[in-house]
Amino acid sequence: MAITIPLNLECLQQLDLSPAQTAIDSLLQLPALSADGQLRFEIDYPREPEDPRELSEIPELRLWFIRLDARYPWLPLLLDWKAGELARYVAMLVPHQFHRTEGIQFNPEALEIFLMQKIFASADWLHRQGVPSKSKLMSMAQTLGYDLDESLFDLISNPNS
């Protein structure tokens, strides 16, 4: 069962992470593997009818997500990927453009840097949780259009690195 994090104008303007913190704290009480794919965001951000921007193009929203990501760099592992939450989360943090026919187009270099930072932070977090990370992290990379070489996991699983 998914947990929805409600975000309203006040919490976004105040950079208040408490709605997310409450949901994440409750998920972290569960066994590590059962928290996967549980989080969704419900964003209530009023806009003028003529405002053509997507939510990920609104600076105040992006700033809130940047703060959230700084606090929980492994959060993508808990998002409901099937509901599109990973893509929306990435759009809040990675430069992109919208194309009518092709949809969202991420800046390739920025997406690659984002992904590798998530791989490193998430691998460390999963290791501390006692959870094997390779398959989950490879799935995250594939969801974002990347195939990781398995030898990368040999490098990052080295306790001296």
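This report looks at the aromatic rings of a predicted model and at the residues around them.

Residues are numbered from 1 along each chain as its sequence is written, and side-chain values use heavy atoms, without hydrogens or water. In this predicted model, local features need pLDDT of at least 70 and side-chain atom pairs count only at pLDDT 80 or more, while totals for chains, interfaces and linings use all residues.

Rings of Phe, Tyr and Trp (its six-membered ring) pair if their centres lie within 6.5 Å; planes under 30 degrees apart are stacked, over 60 edge-to-face, and the rest tilted. That rule gives 6 aromatic pairs.

| Pair | Centre to centre | Between planes | Type |
|---|---|---|---|
| Y72 and W74 | 5.5 Å | 70° | edge-to-face |
| W74 and W125 | 4.1 Å | 10° | stacked |

Y72 is buried at 8%, W74 is buried at 8%, and W125 is buried at 8%.

Elsewhere, ring pairs join F41, W64, F65 and Y89 into a cluster. There is also a charge over a ring (NZ of Lys or CZ of Arg within 6 Å of the ring centre and within 35 degrees of the ring normal): the charged end of K136 sits 4.0 Å from the centre of the W81 ring.

How values were computed: Buried means under 20% relative accessible area, exposed over 50%, partly exposed in between (1.4 Å probe, protein chains only).
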